[in-house]
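Please read these notes with the structure open beside you.

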Amino acid sequence: MTNIDRGTLDALSQSLEECRSILKRLYPTRDAQSLLPLSRQELIALLDRTGSQSSHSQTSPTGSITSPLSQEFQSPLALSNSDDEHRSLANLEQIPSQDTEWDEERRNRDPIPAEADDVNALSLSVDRQSSYLGASSIKAAFIVMLKVAPKLRSFLAPSNANKQNVASNYPTPRPGGPVKSLLAISWSSEGQTLIDAYFNRVQIFIPMLDEPSFRADYLNGRRHDGPWLALLNMVFAMGSIVATKSDDHSHINYYNRAKDHMGIDSFGSGHLETLQAFILMGGWYLHYINRPNMANAVLGAALKMACAMGLHRESLPEQGSGGHLIMEQRRRTWWSLFCVDTWATTTLGRPSMGRWGPGITIRSPEESNDLKIMGQNNGIIPMIENIKFAKISTEIQDVLAQSPLLRIDHIAELDRQLTSWYENLPWVLRSTEPCPESIYTARCIMKWRYQNLRIVLHRPVLLNLANSGNEAHASQEEIAVVAKCRLIAKQAIEDIAREWTPNQMLGWNGVWFMYQASMIPLVSMFWESWNTQLVRECQSQIEIVLEAFDGMTDWSLAARRSREVLVKMYDASKRPGTCNSSPRLGPMMVKGEHQVNGNLTPPSINGMNGVHDVNGMAQVMNGLHGMNGHMMESPQMHQVEMIGEDGIMMMDHQNVWDLDGMLWGSLPDGPDMPFDGMTMDFEDAGMPNYDGNYLMHQ
């Protein structure tokens with residue numbers, strides 16, 4: 001077999017993506033296979049027809065799934081036919097430019113009436129761009145009146161006397177917190193190392209920073225404005241995390257320095273770098289230091305801030321050589337925010353709060369089809385696919401928030417969307433061939449996140465049956481869902497244990513997703529403890545998890561504590577009287593991922609392992625594989641009290657099923673955050689002392 005070096009592989013992958021991008025622009029409704037038999041003249045004719053249709057139709061991106069929430073919406077600007085209409089609509093929408101300064105920010109410097117603001121047009125600054133305002137705003141009416149009656153402008157201009165007296169008319173609140181010194185940060189080898197780590201292990205997920213310009217600004221060491229210092233220190237903080245082991249706490253210093261420039265007044269500014277700093281803080285860092293609710297609040301504010309900056313709307317590029325690059329950076333910033341908010345909230349059971357809908361018209365990086373930007377490297381490919389995944393995740397999040405127990409056919413449809421997304425990933429994200437570290441990190445975490453969402457989708461059926469006691473009457477379809485949930489969890493555990501490598505990005509995420517998956521075999525052991533074969537398989541999975549957590553201790557804050565919790569539950573599952581011992585689940589046959597040669601696996605009798613002859617081969621069906629080959633009846637669940645070695649009651653059947661990392665509370669706070677690497681005696685502390693969320697929802 002010929003060995004291909006990474007440079008050649010990257011070049012081939014880049015060339016392939018460029019060709020796909022060109023084909024998509026020319027033939028948006030056709031795939032490559034359907035074009036192969038056509039002659040040159042037929043291709044030209046088809047191109048003419050495609051061009052005439054494209055202005056009147058919408059198409060989904062390649063590999064995306066059409067659904068009420070996952071369809072692409074186009075801006076009215078994109079549907080207009082003339083440049084005049086473009087400019088007219090753009091003026092009414094008032095999408096801010098890159099260097100727009102909001103009036104909230106200018107208040108501390110310029111004489112602005114206290115009761116005036118740009119949003120309600122009371123400042124009368126109709127010529128100056130402010131925050132994003134759509135056609136339904138007061139300012140849009142002002143703009144139309146000025147166009148119809150240009151002389152109105154002279155009546156609205158403030159007089160010199162008003163300018164001199166306006167600042168003393170009304171007291172204004174002082175800025176929040178003391179004014180921080182704005183000193184430039186000079187280049188250092190340590191800072192360079194942290195930036196390298198950030199762009200190697202974090203940027204691949206949220207490529208919102210323009211790497212060449214960011215590195216150039218740091219190398220020059222001259223910038224000392226607040227937005228830059230906030231962003232630079234957050235990059236340092238994340239770089240410090242992914243470049244070191246979990247017992248290194250230097251990231252706290254960078255985080256504290258960033259906070260000095262990210263006070264509440266920052267939400268009144270329109271700086272893209274400030275927004276990017278908040279995305280890193282709320283989307284990653286606060287989850288790492290166990291502040292999930294604070295993180296969600298920051299991301300919620302960041303979403304509102306991004307809308308005020310107009311990042312959710314597609315607009316015409318600004319004039320000048322850098323206009324397309326600025327537009328692309330705005331796109332990537334919006335979609336980075338969209339993705340991290342999705343990743344952080346999917347497993348919380350909370351609604352998405354409308355982060356996706358028809359009012360959001362910004363195109364994804366894939367749709368921009370700018371080869372000068374798209375063809376730079378493979379770093380944008382994971383974001384393109386993560387956007388598609390996040391749209392499906394948002395739909396799943398909203399339906400589960402409305403009703404956690406979905407219809408079986410609805411579960412199947414949502415799962416079909418997920419599996420279709422994964423099966424259509426670009427080769428570079430699905431291959432197991434050697435690749436750059438950043439691509440490998442993206443491959444692993446994207447797959448783990450995909451597996452976790454499938455578990456979350458199917459898990460309520462398992463929990464409902466286990467929690468229903470002797471009232472449960474499981475249908476064949478429900479049993480099939482339980483079987484699939486167990487299979488996905490088993491695969492996730494094995495994949496993470498095999499694929500993670502010693503760095504905190506993979507260790508942090510690996511522990512979180514593996515902990516989620518481990519709850520499925522644990523629930524199964526307590527629910528069906530009478531099923532010896534199933535219990536043995538589940539125990540084997542838990543042993544894999546415990547061994548993996550041992551190895552991840554240096555690379556995850558949560559690894560040691562996660563292992564301790566699993567050990568307590570695992571030990572309790574082996575003790576008499578803590579598990580259900582009565583097989584009472586009705587007859588079943590499971591169809592799906594354990595189908596043999598297209599046939600359903602038949603049940604056996606009296607809960608014993610069945611033997612079925614397929615093509616002359618004896619197939620032994622055990623309980624783990626979808627519970628195939630078992631005759632079972634509805635379980636009679638009693639209250640479960642699992643007693644650990646320290647004699648404390650860990651849980652009963654009312655709260656054992658809280659599976660989103662909330663089986664215990666937060667560690668005792670240190671100076672600023674809990675650290676798994678600190679010396680703490682958890683056994684002596686006792687479970688009742690932990691009263692908050694510990695695991696990071698990332």
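1. The model is predicted. Please keep that in mind when reading the distances and angles below.

2. How many salt bridges does a search of the whole structure find? The search gives 25. As background, side chains of opposite charge can pair when their charged atoms come close. The next points look at some of these pairs.

3. One of the salt bridges joins the side chains of Glu314 and Arg331, with an N to O distance of 2.5 Å.

4. A second pair is formed by Asp409 and Arg407, whose closest N and O atoms are 3.1 Å apart. Arg407 has a relative accessible area of 56%. Exposed means over 50%, so Arg407 is exposed.

5. Glu528 and Arg486 also meet through their side chains in a salt bridge, at 2.5 Å from N to O. This pair links distant parts of the chain: Glu528 is in the loop between α24 (504-527) and α25 (532-552), and Arg486 is in helix α23 (residues 476-499), 42 residues apart. Both Glu528 and Arg486 are buried.

6. Some salt bridges share partners. Asp217, Arg223, Asp225 and Glu273 are joined in this way into one network.

7. The helices on either side of the Glu528 loop, α24 and α25, can be considered next. Two packed helices are described by the angle between their axes and the distance between the axes. For α24 and α25 the angle is about 160° and the axes are 9 Å apart. Angles over 145 degrees count as roughly antiparallel, and α24 and α25 are therefore roughly antiparallel to each other. Their crossing is left-handed.

8. Which residues make the contact between α24 and α25? On α24 they include Gly507, Gly510, Val511, Met514 and Tyr515. On α25 they include Leu534, Val535, Cys538, Ile542 and Phe549. The residues of this contact divide into 14 nonpolar, six polar and no charged.

Technical notes:
Residues numbered from 1 in each chain as written. Predicted model: local features only at pLDDT ≥ 70, side-chain atom pairs only at ≥ 80, totals over all residues. Heavy atoms only, no water. Salt bridge = Lys/Arg side-chain N within 4 Å of Asp/Glu carboxyl O. Buried < 20%, exposed > 50% of the residue type's maximum accessible area, 1.4 Å probe, protein only. Helix = DSSP H or I, 4+ residues; strand = E, 2+ residues; numbered from the N terminus. Axes fitted to C-alpha atoms, helices over the stretch in contact; angles between N-to-C directions. Parallel < 35°, antiparallel > 145°, perpendicular 65-115°, else oblique. Left-handed = near helix turned anticlockwise from the far one by under 90°. Contact = heavy atoms within 4.5 Å. Nonpolar A, V, L, I, M, F, W, Y, C, P; charged D, E, K, R; others polar.
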